[in-house]
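Here is a friendly briefing to read alongside the structure. Please have the coordinates open as you go through the topics below.

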Amino acid sequence: MYAFSYVSPKTVRQAASALAKAEDGKFLAGGQTLLPTMKQRLAAPSTLIDLAKVDGLSGIELKGRALVIGAMTRHADVAASAVVQQAIPALASLAAGIGDPAVRHRGTIGGSIANNDPAADYPSAALALGATIVTNKRKIPAEEFFKGLFETALEDGEIIVKVSFPIPSKAAYAKFRNPASRYALAGVFVAKRGSDVRVAVTGAGSNGVFRATVLEDALKKRFSPKSLEGVTLPATGLNGDIHASPEYRANLIVVMAKRAVTAAVGK
Amino acid sequence: MANITLTVNGKSVSASVDSRTLLVSFLRDHLRLTGTHVGCDTSQCGACVVHVDGRAVKSCTMLAVQADGSSVVTIEGLASAGGDLHPMQAAFREHHGLQCGFCTPGMIMTAVDMVNRKGSALDEATIRHELEGNICRCTGYHNIVKAVEAGAAAMAGGAQKVAAE
């Protein structure tokens, strides 16, 4: 890892101004992606601005019909939260399936969403649930937030403060893990709220997380795994690598969607 | 350089460290607590697991400066001051939950964290799932799973039963 300077601000304002002053600063959340990337010298920020001691970035609360999770809330805390398990059990189980126990103790929801790894789990939940990403500057709908591989709508110096998830009537997440890396080969989050059905896919799209509208249309008619019988997804725009071809992933997405819908209607 | 103060195995430690010093390097090279191992150095194998403020973390994927103000427990901090092994350590010895021993400190720290979070009545499926972030290249895990199950029971006060097996 190349040398850098480290600051640990106490407020969002201080964190933003530390970034503005730095030559090439980066915010540090849980560090479970950033630190390995720096160890491989694929990133070499001049300054790390640690968000761990910034006030008001952690916590889970219900606000009306929305579940609001602070950006620095760790995956393990989302997974174990009775509030999350009650309001959006699919989100708790998604968090429980990220990485391994030690990674979940450090990794954060804000870090995951800001990094927008094309195989990360949280972006699919944010997109399918129609979440709002609240930053120190504005509120960004998930629909406008994810811009492609590792790209988001975040501007320089913009810090995710919290993520607000409207509570769905039914939701579930199913992922097929790469047996070695345990990252999603295809992860599908389905959510039904009123007559709206959304299906968001991670791990499979060559441009990152996306909505599978073909599956959404089929599920809007009837929210049942049977509605997906015979439905096929085009392989265009899907990843192909040594682990799975685009055609394989296209099929896998439908299979994961069926599993997710089965789980969602069972709850 | 940054000045940090933390508690390691119950003792207060202050040091001046380079910002890029990993927690595991700080523990091993500065404090000479070499029980915590560096295996893969890419946060996959779990040989470097320690407890930070009561939670298992991979110390190769955390900076020493991030532990400023925290309480860290390493494998050296588990046994009692008198030298009696922690029940989980004793169970690993009893059930031969190791061969070369390289992964063992991380396995034991993960196992103790597992009991702290999930309680002492652990079934095999839970143990295997919870060990997802700890890799052993010798044992095939079978005796590790047995050791964790017995160690968990012992932590709940069933130490004599385990010893009598």
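B:Arg20 counts as partly exposed, at 32% relative accessibility. Its salt-bridge partner is B:Asp18, with the closest N and O atoms 3.2 Å apart. Please keep in mind that this is a predicted model. The points below start with the salt bridges, then turn to the interface, the aromatic rings and some local backbone details.

**Salt bridges within the chains**

- Over all chains, the structure holds 18 salt bridges.
- Like B:Arg20, which is partly exposed, B:Asp18 falls in the partly exposed class, at 26% relative accessibility.
- Elsewhere in chain B, B:Asp113, B:Arg117, B:Lys118 and B:Glu130 are joined into one network by salt bridges that share partners.
- In chain A, the side chains of A:Asp121 and A:Lys175 form a salt bridge, with an N to O distance of 3.1 Å.
- This pair links distant parts of the chain, 54 residues apart: A:Asp121 sits in the loop between α7 (109–115) and α8 (122–129) of chain A, and A:Lys175 belongs to strand β11 (residues 170–177) of chain A.
- A:Asp121 is buried, at 6% relative accessibility, and A:Lys175 is buried too, at 16%. Each value counts as buried because the cut-off for that class is under 20% relative accessible area.
- A salt bridge also joins the side chains of A:Glu143 and A:Arg211, at 2.8 Å from N to O.
- A:Glu143 is partly exposed, at 45% relative accessibility, and A:Arg211 is partly exposed with a relative accessible area of 23%.

**The interface of chain A and chain B**

- On the side of chain A, 28 residues are in contact with 21 residues of chain B.
- The two chains bury about 2100 Å² between them, and 52% of that is on carbon and sulfur atoms.
- A:Lys39, A:His105 and A:Arg106 supply 27% of the area that chain A buries against chain B, more than any other three residues.
- Four salt bridges are counted between chain A and chain B. One of the salt bridges in the structure pairs A:Lys39 with B:Asp41 through their side chains, at 2.8 Å from N to O.
- Five elements of chain A each supply at least two residues of the side that touches chain B: β1 (5–7), α2 (34–39), β3 (47–50), α3 (75–80) and α6 (101–106).
- Four residues of that side come from α6(A), which is the largest share.
- By residue class, the side of chain A that touches chain B divides into 13 nonpolar, six polar and nine charged residues.

**Aromatic rings**

- Two aromatic pairs are counted over all chains.
- A:Phe145 and A:Phe146 form an edge-to-face pair, with 5.1 Å from centre to centre and 85° between the planes.
- A:Phe145 is buried with a relative accessible area of 0%, and A:Phe146 is buried with 12%.

**Positive phi angles in chain B**

- B:Asp41, the salt-bridge partner of A:Lys39, has a positive phi of about 60° although it is not a glycine.
- B:Asp41 is found in the loop between α1 (23–30) and β3 (49–52) of chain B, and it is partly exposed, with a relative accessible area of 33%.
- B:Tyr141 is not a glycine either, yet it has a positive phi of about 75°.
- B:Tyr141 is placed in the loop between α4 (124–130) and α5 (142–164) of chain B, and it is partly exposed, with a relative accessible area of 22%.

**Around B:Thr104**

- B:Thr104 belongs to helix α3 (residues 104–118) of chain B and is buried, with a relative accessible area of 10%.
- A polar atom of the B:Thr104 side chain lies 3.1 Å from the backbone oxygen of B:Gly101.
- Leaving aside neighbours within four places in sequence, B:Thr104 is in contact with B:Phe92 and B:Leu98.

How values were computed: Residues are numbered from 1 along each chain as its sequence is written. Chains are lettered from A and ligands numbered from 1 in the order in which they are written. This is a predicted model: local features need pLDDT of at least 70, side-chain atom pairs count only at pLDDT 80 or more; totals for chains, interfaces and linings use all residues. Side-chain values use heavy atoms; hydrogens and water are left out. Contact means heavy atoms within 4.5 Å. Buried area is the accessible area (1.4 Å probe) that two parts lose on being put together, summed over both. Ala, Val, Leu, Ile, Met, Phe, Trp, Tyr, Cys and Pro count as nonpolar, Asp, Glu, Lys and Arg as charged, and the others, Gly among them, as polar. Rings of Phe, Tyr and Trp (its six-membered ring) pair if their centres lie within 6.5 Å; planes under 30 degrees apart count as stacked, over 60 as edge-to-face and the rest as tilted. Buried means under 20% relative accessible area, exposed over 50%, partly exposed in between (1.4 Å probe, protein chains only). A polar contact is a pair of N or O atoms within 3.5 Å; within protein, one must be able to donate a hydrogen and the other to accept it, and residues adjacent in sequence count only if both atoms are side-chain atoms.
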